[in-house]
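Have your viewer ready and your selection tool at hand.

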Amino acid sequence: MGKIIYNGELKDRSAIQIDVEDRGYQFGDGVYEVIRVYNGKLFAADMHLNRLMDSAKLIQLKVPFTVAEIKERTKELITAENLEYGIVYMQLTRGTSPRNHAFPIGEVDPVFVAYTKDMPYTGSKSGVKAVTVEDIRWLRCNIKSLNLLGNIMAKQEAVEAGCDEAIQHRDGTVTEGSSSNVAIIVKGTLKTHPATNLILNGITRQILLKLCNDKGISYVEEPFTLSDMMDADEVLYTSTGVEITPITAIDGQLIGDGKAGSITLQLQKLFTQEIERQCGSLTE
Ligand code: DCS
């Protein structure tokens, strides 16, 4: 794991230096993406890279590459690293300039880096535990910003409670997990927060909804409350890392009978088929 894409070039990680006045380092002034690799192939790459472009635009950050260029470089990185199962992490910052909150004056080149990390394919995961926490984040959660303090504080609460994820809420309305989207299933209908400024519109979430649509599983994009969630038949969360995973206990209380629900299990299977369609057969 020694290679890195630095501003469009493949380099040794040890040869890269990031300046202390990189605005990503000082302000979290930048955006990022995490893309899964299965079988040495990128999963849902275009969706992720288009979201990177959208995030950059929303913070008025010009991306010095096209989606096709980033994809090409990323494939070279995967080959150079012999990566079979893992992730590519990439970020773009507003570059290096003397510390000042306002955007730098004049031409300052953004700084782009991407590197890989091994992540074995573990197959469909069984139920995990979650805690609920107040959503203390800003009001542009649709931007995949490097500023993750609110998310970090939430995840730490989950870890300290011995749980896998923190489910955030604003005044009792569930928004999303600290690094995932959350959905509930009530009487056969899947419900998840609409893609507004209050959540990141997860790529896994979008694929989940497409699978529901294709397979005739009824779904609505509507806000739901903490008590709707506690009383739901099934709760699940989605992300690039956890794919589709059931949540079977929240704040120490079991959801339904405390076992992964049948619709969640069906969606997990459909998601695995989607991965195999894009990346070929999976080996655990
Ligand atoms: N919501 C938040 C706040 C996230 O950080 C993420 C992903 C998601 C939802 C789910 O989005 P995807 O389905 O597109 O992954 N967070 C990435 C992260 O920081 N590490 O891995 C995934």
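**A walk from helix H7**

Start with helix H7: its buried residues (under 20% relative accessible area, 1.4 Å probe, protein chains only) are Ile263, Thr264, Leu267, Gln268, Leu270, Phe271, Thr272, Glu274, Ile275 and Cys279. Helices here are DSSP runs of H or I with at least four residues, and strands are E runs with at least two, numbered from the N terminus. This is a predicted model, where local features need pLDDT of at least 70 and side-chain atom pairs count only at pLDDT 80 or more, while totals for chains, interfaces and linings use all residues. Residues are numbered from 1 along each chain as its sequence is written, and side-chain values use heavy atoms, leaving out hydrogens and water.

Step just past H7 to Gly280, which takes a positive phi of about 90°.

Next, select Asp29 and Arg23. Their side chains meet in a salt bridge at 2.8 Å, N to O (a side-chain nitrogen of Lys or Arg within 4 Å of a carboxyl oxygen of Asp or Glu), and both residues are buried.

Now try Glu76 and Arg73, another salt bridge, at 3.2 Å, N to O. Both lie in helix H3 (residues 67-80), three residues apart, about one turn of the helix.

Then pick Glu221 and Arg205, whose side chains meet at 2.7 Å, N to O, in a salt bridge. This pair links distant parts of the chain, 16 residues apart: Glu221 is in strand S12 (residues 219-221) and Arg205 in helix H5 (residues 203-215).

Finish at Ile136, in the loop between strand S7 (128-134) and helix H4 (149-160). Its relative accessibility is 55%, so Ile136 counts as exposed (over 50%).
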